Amino acid sequence: MDERELLAAAGEYLERHWDDVLRDMGELISIESVEDLAAAQPGAPFGPGPRAALARALDMASGYGFEVRDCEGYLGYADAVGLSATQIGVIGHVDVVPAGPGWTYPPFSLTRKDGFLLGRGTSDDKGPMVVALHAARLVKDACGPLPYTVRLMFGANEETNMKDVEHYRAHHADPAFLFTPDAEFPVGYGEAGICSGTVEGPVIEDGDIVEFEGGAAVNAVPGQARAVVRSPRALASSGEVEATALGDGMFDLFARGKSAHASTPELGRNAIGILVGYLLENGVGTPEERAFLEFERRLLSTSDGSGLGIEAHDDDFGDLTCVGGVASLIDGRLRQTIDCRYPTTTSAALIAQRVAALACEAGATFSLDHDKQPFLTSPDSEAVQALLGAYQRVTGRDDGAFTMKGGTYARLFTCAASFGPEMPDEVRPAWVGTMHGPDEGISEETLKDAFRIYVLSLAALMKCDL
């Protein structure tokens, strides 16, 4: 079947089976597959929700003629067995982040409205993975016998620690090439290094900062921060900080910034940084507290690490990014988390060494908690070019492959790429939320285009020398 015939078959499949796609999506979205380690047990290492979603995904694949296997509840896979054991992998995940507040539509029910699909997992990653399953089904049924085996992999722990892939790779070889429908088009061929750590100040007794908190996630620019402080002088509200007198020289301070993901800090404004600047400008804090706040200002005044002297750049990933995501005061110690997305010209060890030295000058310590090294696949490789060509032919666009500062399953495999389903520069109505946010949603047309792209891509990969 040539490419024109394959596109015609994809269009016919969408006309005949789109309701089946929506049904499958709805069944997965109805499962609240949030990690619950307190309820973990053998066969359900991440709790009952991810376990139920994984079982349902494998049942779907089995019903469409794939050979399925459950890997002890960590991950499951569905094979379209080809003439060769060499595998083309497609990996997505059936676990989701908690719903959180702010929803207008039910989070665990598929809502269809004005050409958009709403519900937790519609874009991350249940919807895309269902679309990939149906694309593989069409290729299996229309293009067989296949030169390579297609392995669809359903992860159950992507949103937290990716222990699902760790378990899988301990028992199985990597596919020859793999893509994950858990990002954006056209093709992501690399992901920056990601490291995070915690700066911890000394125990301060009878300090002027009584309460201090900001942010909800290490990997996000915080949109809000708050402190309760003691000050001999009256503190007044500013343009970005609201000050409320509590009496006896105590003040409640609230700063509002703009939240953003740590991979795109330029889109946000750090509320902790706003609050720190206010405290320093108004002379709040003991000498020990102000030493920590001065360190905070160096960290939070820029998003490229230059305040700490850890800036770095390369041609693939551009500039390092550095975010202070969560601040707290616990048992008399001020704490601040740091998230860095770094290029190939530096390392987590170098970053930690520099941050630790500056923290020491402020009477604090730094511990490196987490590190994932940069991941790159050659953008000129035959497999990446096959994906890019399929995207360009379906959309008529000439966008090139890109790198990102986020993290997907792709970075955990030997040869991989992230691949859709979101389109570059896509405009959504204000009532359609983003992944991880309330009213998460995605366009039906976007998913239909993704289906066509995945069909052409799988067929093109069958012609590659893997």
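Let's start with E296. E296 is buried (under 20% relative accessible area, with exposed over 50% and partly exposed in between, for a 1.4 Å probe and protein chains only), yet E296 has no salt bridge. By salt bridge I mean a side-chain nitrogen of Lys or Arg within 4 Å of a carboxyl oxygen of Asp or Glu. The nearest side chain of opposite charge is R297, 11 Å away. For charge, Lys and Arg are positive, Asp and Glu negative, and His and the chain ends are not counted.

A word on the source. This is a predicted model, where local features need pLDDT of at least 70, side-chain atom pairs count only at pLDDT 80 or more, and totals for chains, interfaces and linings use all residues. Residues are numbered from 1 along each chain as its sequence is written, and side-chain values use heavy atoms, with hydrogens and water left out.

Back to E296. E296 sits in helix α6, residues 287-300. Helices (H or I, at least four residues) and strands (E, at least two) are DSSP runs, numbered from the N terminus. What is E296 in contact with, leaving aside neighbours within four places in sequence? F212, I272, V276, A327 and Q336. Contact means heavy atoms within 4.5 Å.

Next, L246. L246 belongs to strand β14, residues 241-247. Its relative accessibility is 48%, so L246 counts as partly exposed. Beyond neighbours within four places in sequence, L246 is in contact with V228, F251 and D252.

Now the backbone. Most residues other than glycine have a negative phi, and most peptide bonds are trans. Here are the exceptions I picked. G144 and P145 are joined by a cis peptide bond, omega about -5 degrees. P145 is in the loop between α3 (126-143) and β6 (149-155). The bond from G420 to P421 is also cis, with omega near 10 degrees. P421 is in strand β26, residues 421-422.

Then positive phi. E72 has phi near 60 degrees. E72 lies in the loop between β1 (67-71) and β2 (75-80). Is E72 buried or partly exposed? Partly exposed, because its relative accessibility is 41%. D439 has phi near 55 degrees. D439 is in the loop between β26 and β27 (441-443). At 7% relative accessibility, D439 counts as buried.
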